[in-house]
Amino acid sequence: RIWTENPQVRQAEQALAATGFDISAARAGYYPYLQLQSSVAQSSQDGVSTLYFVQPLWQGGRTGAQVSVAKAQQSAALATLVRTRLDLGQRTIDAYFAVAQAQDEEVQWRNYEGALKKLLDTITRRADQGLAPQADVETAVSRLKQAQAQTQANRARLLTNRAVLASLLNA
């Protein structure tokens, strides 16, 4: 769906479709056409119109060159479409793995928080018994608060990455 409904892909597809018309227009130089020429004399109201049937026989390679240029533009438009699809695919993969990484880090941060809470409880009990200084308790509290802040920062990163992935998939 991302390769068909994304606005960037649609734009590249429209540009590719337009090059098909350019090729048709360039090939029209090989076919006969009608030419109308009109003139009016300044001294009188008489006018002359002449209709010509023009059959191109040889134009020094100009028509062939125009067709070649149009085909090259079509190849360039096709390359742009492929590059656009690949870029979108790469961005989607990057967003998916960023979500997976943030989810994994969230589990790790929660486990770390749990371990620090247990450590704080142990140090607090030891301090209450006079076996550990109060500075150890303050250090454990500080580390726990840092871990909680990192958990929240990681949660925000996870939500941002999910939003990016959703925007790519629902574009």
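Reader: What makes glutamate 106 count as buried?

Author: This is a predicted model, and the label rests on a computed value. The relative accessibility of glutamate 106 is 13%. Buried means under 20%, so glutamate 106 counts as buried.

Reader: Why is arginine 110 called partly exposed?

Author: Its relative accessibility is 41%.

Reader: What makes Glu106, Arg110 and Arg155 one network?

Author: Salt bridges that share partners join them. Glutamate 106 forms a salt bridge with arginine 155, and glutamate 106 also forms one with arginine 110, where the closest N and O atoms are 3.5 Å apart. Glutamate 106 and arginine 110 are four residues apart in helix H3, which means a separation of about one helical turn.

Reader: Which residue forms a salt bridge with arginine 85?

Author: The partner is glutamate 13, with the closest N and O atoms 2.7 Å apart. That value is within the 4 Å cut-off, so the pair counts as a salt bridge. Arginine 85 lies in helix H3 and glutamate 13 in helix H2 (residues 7-27), so the pair ties together parts that are 72 residues apart in sequence. Both residues are partly exposed: arginine 85 has a relative accessible area of 22%, and glutamate 13 has 26%. By this rule the count of salt bridges comes to four.

Reader: How many residues does helix H3 have, and what is its expected reach?

Author: Helix H3 (residues 62-128) has 67 residues, and 99 Å is expected at 1.5 Å a residue. From its first C-alpha to its last, H3 reaches 96 Å, close to that expectation. After H3 comes glycine 130, whose phi is positive, near 80°.

Reader: Which residues form the nonpolar patch on the surface?

Author: The patch is formed by Trp3, Leu78, Val82 and Leu86, which together have about 370 Å² of accessible area. H3 gives the most to the patch, with three residues. Valine 82, which lies in H3, has a relative accessible area of 41%. Patch residues need over 30%, so valine 82 passes that cut-off.

Reader: Why is the chain called more spread out than a compact globule?

Author: The chain has four helices and two strands, in the pattern α-α-β-β-α-α along the sequence. Its radius of gyration is 36 Å, whereas the globule rule gives 16 Å for 171 residues; the value is well over the rule, so the chain is more spread out than a compact globule. The C-alpha trace spans about 120 × 35 × 25 Å along its principal axes.

Reader: What share of the residues counts as buried?

Author: Of the 171 residues of the chain, 23% count as buried. The accessible surface comes to about 12100 Å², with 55% belonging to carbon and sulfur atoms.

Definitions and conventions:
Residues are numbered from 1 along each chain as its sequence is written. This is a predicted model: local features need pLDDT of at least 70, side-chain atom pairs count only at pLDDT 80 or more; totals for chains, interfaces and linings use all residues. Side-chain values use heavy atoms; hydrogens and water are left out. The expected span of a helix is 1.5 Å times one less than its number of residues. Patches are made of residues with over 30% relative accessible area and no salt bridge: like charges are joined within 9 Å, nonpolar side chains (Val, Leu, Ile, Met, Phe, Trp, Tyr) within 5 Å. Accessible areas come from the Shrake-Rupley method with a 1.4 Å probe; for residues, only the protein chains shown count as cover. A salt bridge is a side-chain nitrogen of Lys or Arg within 4 Å of a carboxyl oxygen of Asp or Glu. Buried means under 20% relative accessible area, exposed over 50%, partly exposed in between (1.4 Å probe, protein chains only). The radius of gyration is taken over C-alpha atoms; the globule rule is 2.2 Å times the number of residues to the power 0.38.
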